[in-house]
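Q: I'd like to learn how to read a few features of a model like this one. Can we go through them one by one?

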Amino acid sequence: MSRFTIPRILFIFLSGWCFFTSSLYAAEIRPSQDITISFNLDTGTLYGNSTLYLPPETTLTFFINGLAHFNISRIASDINEPVSGTSQDRITLPANSAEQKFSLSWQLTPSKNGHGADNLITPKGIALTGLWHPIPDRDIVFSLKAELPAGFSGITEANRLTIQTTGHKRILKASAPQPLRSINFAAGPYRVHSRKVGATTLYTYFFAEDAKLSREYLRQAERYIRYYEQLIGPFPYERYSLVENRLPTGYGMPGFTLLGQAVIRLPFIKDTSLGHEILHSWFGNSLQNDDSGNWCEGLTTSLADLHFAGKQGRAKWYRKNQILRYQALIHKDNLITLADFQHGGDSQPMARKMRAIGYDKGSMFFHMLRREVGDKAFFKTLKLLYKKYKFTRVGWAEIETLFSREAGQDLTRFFGQWLLRNDIPDISIRNINIEQDNGSSIVSFTLVQKNKHPYLLKIPIIIETLNGSSRQIIQVTSQNEKIDLLVDSLPTALHLDPEYDLMRTLTSKELPPAWIRFLGAEQKTVVLPGTSALEPYLPLMATLEQQGCKLVPADEIKNSDLNHGSFVFLGESRHIQGLFAQTEHAPRGFTLDVRNNPLARGEVMVLVSSESSQETSKIVHKLNHYGKYSFLHFLDGKIREKKITRAENGVTTALIPLPQGIPVKKITPFETIIDQLLQSRVIYVGETHTDFGDHILQLQVIQALFAKNPQLMIGMEMFPRSSQQALDDYISGKITDEREFLRAANYFSAWGFDYRLYRDIINFAKKHHLPLKGLNLDKKIVSTVFKEGATDSLNDQQWEQVAADRDLTLPGYRQRLEEIHSMHAASPHGANFAGFLQAQSMWDETMAETIVQNLQENPEKKMVVIAGTGHVYKDSAIPPRVARRVPVKQTVLIASSQTTVWTQEIPGESTLIT
């Protein structure tokens, strides 16, 4: 029931109150406590007195921790007898054969700003939602008499509430109409407005500065009440109040909801969270969980938050975000089942984990239950549940029995697997096969459950075909289930659970990099900038350290450390340069930028920049509310930009890819191709290293370009930058012997492919004094990183050869390299993927940097780049890395046969020229 803050004291008592009618307990005599309170606003002090009536043969324990000057005495024959056995935090009253009467008194002076607590007593307002009166260990009957400060109105749990004026005093009187564990109280200089809704009167208790919001809140509250009355049954209270609080709360109590001032002012609250709190009047207050577990939060989240998201067309995204939150926060060592969930916890990290189970998994449980039994049976059962058990406690067993009866099916296994297991399904598809059968297609595959024990699942599937989409539901019961699906035409793609109707593990392709993934990571490290750059981040550092993050200076982090866990980088560092190249964050405000950790699958890296500690301190308390986002930018504490990086939806598998064609208006002569290439400053001619035809094409292109524009230089992957002097000496004639040149250039150790493949190109360059430029890194550098899996052992001299700005996250780059790496990982020369990825990026980025340096040093010249086809892809290899450094036009040529050339302009359209 807490939506915005988690009470530090007695949250277990505040989460999920129950509303009982007195008639249900007419036969049972319960303890009762008549409380009287008054206030001194100057000192922020509460003075409390109460009379406690304890029935015969009844033992009662009170929690009193935090209450000052606590006294208790037993009243016997109008003589007060001191009570022994009082400890610092509790007192137990032993049973007696006769009724006992006790007198209690205490004081409370909470922190004046109320931060970190749930009690506040100031001239601007009073809020008592923590331990402010002695709290019994069971439900008892309460009455309250409160002397209100001048100009104040007040509210507590009550169907009827009166305020009497006696002289200069205003006395609030109320009786809780049902036994409760504790009561709450709020008072302030409120402007009170009301609205009649059937048998219920709605009230707003808003401060003067926000009184203008009352009308819309009353209107929305009426809409929620009327809607849920139709869905569930009559509203359970004679009065219901929306109360503003100076503290940042979001609580739902029997008969009123207490919302923080900052919360009330948020424009979306009345359209979202208000409905959640009002729905708790049915589930959570008038009908409460028993000790078997808290089902109310999951049902309320499903019927309120998920329902409202569906009204806006966002139900799929809401469910995906619920699963994302759960997966980020709940790990494989989780021991808490949905049946174990009781309340939201009493600390931020634990509260997030508990809500992921009770709210998110609970909501998904009721969504899946609704799909299992159908809408008609689902909502009929909810009405019966409320009607039958209203004002009592209800457990999972009663819910299962009622749903099974109304749906006409045995739901034992369904409830058992979702309530009693601490894992969730982890599914994948293997062994896909497609066959034709009398004009139709049969799609066969094995659906694998990676869980130790399989679930019984009904999984929605969409098969895309040439004629449209085919939707089906498959039922699986085993760890490896063979599935055969018949479709009318050729299938092109298979989507498993694309609408997120199933509580399951998301695949890596479905996971966007999100802030919640860092918050929930098992190993979290904050990388600190140098001391001179530390000041803007101090407020965030303190918060992250409280949340279990390890703080480490950037110069103490090794590259190999980055292979494990998730990281926050505060400010600039060499690590960011080597992983993401340049980050383009706004110079003003605060930016949080979440990326997938390129060195550790399933982990994230967060790049943070801030203009000042003032900017950081304004947003630190807000960040937990933006867990689903990948990018956030705040200015002066206000959100200016928020984004979620795109990810796949559903477990998607391509089946039969459709062929693609490029329209060719006419066959283009080679001379015309050369004229087009002359429009670019960088022309890449890709090669398969051992294909002689590719090298003939490279020579033809170089000669043709030179004939029309002699201002040409040739960049070659085959030579490292350290060979540049030998290249220069050979072109200038200082070295005349070819063998001497090859030795000086270390060709056979640096490259190794047959030199004769490149001889004609080099001889042409030598004859016409065309500069040859070595683009590559020394082989030893790349080999070291590849084998060791990290860059830690590179020395300063080697680092001087490596491009400092390296981006490992270009779209498609990792996927392409993973395919290559998988072919070699099992070999004796294989290495971990982190090393392979970094080695390749060093290779590509250094060649890109060398190209740009030569272009800048020779502004009148064009460059023909000779490199392997894998290095010249226009989207993920050298070309985009050149474009990141300098805006020049580039073109890629790849020989596809002796008579066709594929040209790719960067940027621009791709054209097939024959």
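A: Let's start with Cys296, which is buried, at a relative accessible area of 2%. Buried means under 20% relative accessible area, exposed over 50%, and partly exposed in between (1.4 Å probe, protein chains only). Cys549 is buried too, at 6%. Keep in mind that this is a predicted model, where local features need pLDDT of at least 70 and side-chain atom pairs count only at pLDDT 80 or more, while totals for chains, interfaces and linings use all residues. Residues are numbered from 1 along each chain as its sequence is written, and side-chain values use heavy atoms, leaving out hydrogens and water.

Q: How many disulfides does a search of the whole structure find?
A: A disulfide is a covalent bond between the sulfur atoms of two cysteines. Here the search comes back with zero (the cut-off is a pair of cysteine sulfur atoms within 2.5 Å).

Q: Is Glu615 buried or exposed?
A: Buried, with a relative accessible area of 7%. Glu615 sits in helix α14, residues 613–619 (helices, H or I, of at least four residues and strands, E, of at least two are DSSP runs, numbered from the N terminus). Leaving aside residues up to four places away in sequence, Glu615 touches Phe590, Phe634 and Leu635, among others (contact means heavy atoms within 4.5 Å).

Q: In what order do the four strands of the open sheet run?
A: Strands of a sheet pair through backbone hydrogen bonds, either parallel or antiparallel. Here the order is β8-β9-β15-β12, with antiparallel pairing (two strands pair if DSSP finds at least two bridges between them). β8 (119–122) and β12 (153–156) are at the edges, each with a single partner strand, so one side of each has no neighbour in the sheet.
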